[in-house]
Number of protein chains: 2
Amino acid sequence: MVNKQTVSAVFAALADPTRRRILERLATGGEARATALARPFRISLPAISRHLRVLEGARLIERRRKGRLHLIRARAAGLAEARRWMAHYAAGWDAAFDALDELLHKDREKGKRE
Amino acid sequence: MVNKQTVSAVFAALADPTRRRILERLATGGEARATALARPFRISLPAISRHLRVLEGARLIERRRKGRLHLIRARAAGLAEARRWMAHYAAGWDAAFDALDELLHKDREKGKRE
DNA sequence: TCCATGTTTAACTCAGCCGTTAAATAAGTG
DNA sequence: CACTTATTTAACGGCTGAGTTAAACATGGA
């Protein structure tokens with residue numbers, strides 16, 4: 001099962017700086033090949049491959065295969081649950097702001113309805 | 001050094017369900033003693049003590065000592081950096097929503113100015 | 001078919017996390 | 001002081017995560 005999205009999986013995926021940099025790259029640069037994602041890093045291809053699997057498990061990225069290329073792109077909805085968690089519990093500290101924050105999230109999901 | 005707040009530390013702290021439940025408890029119930037936080041869990045006091053140190057390191061909680069009691073409370077600002085990260089990079093996927101989201105965060109910080 | 005390219009899987013190491021129990025430290029109370 | 005309560009530190013075990021190199025798998029092209 002490659003597909004184990006939980007709040008924990010999302011946070012754990014984001015806890016690694018390499019994975020965050022991969023996401024940053026995808027967010028600003030759009031879809032990219034696995035090897036291209038590896039290039040900026042000092043680490044080996046297999047290591048990147050595993051990071052991609054972790055991100056995929058957390059549903060933070062999506063993979064599309066075109067021949068022997070694996071094309072990766074970020075998956076916005078994957079962040080949603082984690083952000084919702086933060087918004088919800090931050091609400092205990094700072095109710096006004098986060099209530100609004102959460103409304104916005106709901107709004108967004110309504111729009112996307114993936 | 002108990003104080004190593006980084007984006008990684010915040011996400012790593014949030015990746016553990018026990019720690020998230022502790023934060024939930026603090027968010028909804030307010031300040032609490034260390035032992036009281038431990039009670040709902042099956043795990044030992046030392047284990048909780050360590051979770052608290054992790055949360056403290058990520059600056060997600062604050063500790064105040066009153067005699068032999070350690071009074072713990074959630075620290076909203078600790079989430080800010082992680083949320084900012086999410087808002088910023090989610091922006092690559094979903095610019096309109098997150099631009100607004102980020103504005104709200106800025107607003108909030110202006111208000112708090114701790 | 002043969003070879004090169006892109007990516008993953010296998011097998012292993014090392015470090016760190018989470019849990020345990022036992023002992024230490026700290027502070028109130030009779 | 002002796003005792004109890006609150007919490008942390010020490011020392012250890014097991015599991016997982018992140019890295020490595022070597023080999024396998026998959027696809028495209030001469």
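Q: Before we start, how are residue classes counted here?
A: Ala, Val, Leu, Ile, Met, Phe, Trp, Tyr, Cys and Pro count as nonpolar, Asp, Glu, Lys and Arg as charged, and the others, Gly among them, as polar. This is a predicted model, where local features need pLDDT of at least 70, side-chain atom pairs count only at pLDDT 80 or more, and totals for chains, interfaces and linings use all residues. Residues are numbered from 1 along each chain as its sequence is written, while chains are lettered from A and ligands numbered from 1 in the order in which they are written.

Q: Nice. What classes make up the surface near DNA strand C?
A: There are 9 nonpolar, 7 polar and 4 charged residues; near means a C-beta atom, placed from the backbone, within 6 Å of the strand.

Q: Switching to α2(B), which residues are buried?
A: B:Arg19, B:Ile22, B:Leu23 and B:Leu26 are buried, with 20 or more other C-beta atoms within 10 Å of their own C-beta, placed from the backbone (exposed is 12 or fewer, partly exposed in between). They cover an arc of only 95° around the axis, so they sit on the same side of α2(B); the arc is that of the directions from the helix axis to the C-beta atoms.

Q: Which ones are exposed on the other side?
A: B:Pro17 and B:Thr28.

Key. Helices (H or I, at least four residues) and strands (E, at least two) are DSSP runs, numbered from the N terminus.
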